[in-house]
Amino acid sequence: MQLKRFYLTFCLSVCISLGLSMEGCERGPAHFNPRGAEMNSSVDRSSREQDDIEQTASSWGSDPELVRQLTRNMRTFPSSQRVNDHINRKLSPPQTECLSTDVGPRRTPSSVSPTSKELSPAAVGARKTLATIFQSCKAVDTVIGPRTQNLRGIQRARSFGPYRGVAGGLLRRVSDRDQLVSSHVVLSQLASDPNYPGPQCRDMTQTPPVYGFGSRFGPNRGGEINLFQRGGGVSPTSEPAVSIDCSSFISVALTNAGLKVDPGGRNYSDMTTLSFHQKARDPNSCLDRPKMSASQSLQSGDMVNVSQNHIIMIDEVGEDPLAINRFAESGNCQDIRQSDFDFTYIHSGAYRNGYGPSRVHSSVRSASMMFENLRLVAVRTCLAKLRGNSDDISQDEMNLNPRFDIIRHNSDNPACVSSSRSVLRGEECIQSCENLGK
Amino acid sequence: MKNILIGTLFTLISTHLFAFDDHLSCPEGTTSQSVGEMILDADFSGMRYFHEGESDCLAQENFPHIRVIADPPQEAIEDYYHYELIQRDGSFAEVKRIESLDSEMGLYRIHFEVEARSSRTGNRSVLNDTMTYTFYPSERMRERNGCGGMIAAPNRYYLKPSCLPSDLED
């Protein structure tokens, strides 16, 4: 009888934990969608609990040590007192800390989520580009998280019949548009929105945006950039689709914000990850490689680049985007992981079977070399703070991948800002979006 | 009956618990060289060449001690062709030396030599290359994320013969 009571209590605790875990660990402005896919959040801290003991703990709504004890050997169950304590803890008011100190550093109270007013001009350009491609503000509101599912209805190969991918890369083909739309975190929302497309807007569920290896676009003679094109990364045999690659997306975002790469240059530069890398080292360009410190690390608008691999634009950052201060306080700098990062970025990448233009949470596992280097930046800066060294550390001092750069546009230099920005075709559709900054 | 019920509940609970647990371990006694070799093996399996889900060679279960995340170039680059590795003495690479770059950060560089055939020219040659990586100094990191990760890739894309791209034609 006692055993039965114990199991009932135990199962009850599991059910309560599972139920509460849907709300996330810290009460932020928004949380994972219980349907399990996208995140509707600016910087959702709960998503950092992916794929490790914290995630298991999070899904239980519990602390990691308790999960360890509950699972250890699976013969030794916790005492009923411990289970009761666990239930009580779950039913008590929200705590500001999620993780026990013996697993990771204490978390600071939920940071104030940055608003669009705090976005840098470059990040605003990225948001506008993203919203324009989808012809909807929802493209900016929706964040790809660790649980976002792969796209369906899209094929990839190095060639489709006579058509080959650019420079030996993969070619994509939309084989089932309905499947693609229903599996896409943004397009599926748009497809079910009776108000979409809005006035002056295209219906992008008919020509879904996807990732395109080698799909690159620049302004026409009138200075307008048309992103509603298939591009070289999508097979001519595909159902209608539009696509863009990573560095072309960032180039367009910069010019759309009126940001130049060269002070004396044109308002548009067709940049690759290699040319971003080179320009960031050119003292005469508008791109810098900022020094890092615990108080000044990653910022909105920074571009994280690995030459000949990938580039992303940092969108919103949390209070402690690389978790430097949090881990310095606990003295566990070497324990910083990607899942501790707290920012979103915008890019066009091949993740999740070719999502292309999207806003992504930092906890999503991707671009492993980029994030391993970013982790090194975080650990080094954390260690410097731990030792009382308040000096900024240059990226050259960090022993990083020589192809890796954190790049910041010198937007304060009037010579780096153009009076005439490139206009995107169809951008009038998203002018009233409130999430695009000022 | 009671036992069956208890057993079912027990199974359901433990299944739920471990469904989310994709911890990687790093065995005791792992050396900086063995970590370098593990990461090279993943690289030779196409970690920087294939997109996620494109090749069975990159299945995480093949690499219990390092996390494998497909990391191909996301823009068209000129050098996106591979070298097919040729096995010598039962191995695809001969480790020349391990260079310690920063012991506090666990940063190492592995210098290696391979024999390979260019997919572009068909020429067979002996090539020397390097790869920089971390061997996580923190035990806690190793308990969760495995032994280490790649910081700077080799200069070329090498693929084992069993991992060559198979979808050249639709």
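The exercises below work through disulfides in this predicted model.

**Exercise 1.** Find which cysteine is joined to Cys137(A), and work out which parts of the chain the pair ties together.

*Solution.* Start with the sulfur atoms: a disulfide needs them within 2.5 Å. Those of Cys137(A) and Cys433(A) are 2.0 Å apart, and the two are joined. Next, place each partner: Cys137(A) sits in the loop between α5 and α6 of chain A, and Cys433(A) in the segment after β15, so the pair ties together parts 296 residues apart in sequence.

**Exercise 2.** Describe the link of Cys201(A) and Cys429(A): its sulfur distance and its handedness.

*Solution.* The sulfur atoms lie 1.9 Å apart, and the two cysteines form a disulfide. With 95° about the S-S bond, the link is right-handed. Cys201(A) is in the loop between α8 and β6, while Cys429(A) is in the segment after β15, 228 residues apart. Cys201(A) is buried at 18%, and Cys429(A) is buried at 11%.

**Exercise 3.** How many disulfides are there over all chains?

*Solution.* Counting by the sulfur distance gives six disulfides over all chains. Those of chain B follow the pattern 1-3, 2-4, with bonded cysteines counted along the chain.

Definitions and conventions: Residues numbered from 1 in each chain as written. Chains lettered and ligands numbered in written order. Predicted model: local features only at pLDDT ≥ 70, side-chain atom pairs only at ≥ 80, totals over all residues. Heavy atoms only, no water. Helix = DSSP H or I, 4+ residues; strand = E, 2+ residues; numbered from the N terminus. Buried < 20%, exposed > 50% of the residue type's maximum accessible area, 1.4 Å probe, protein only.
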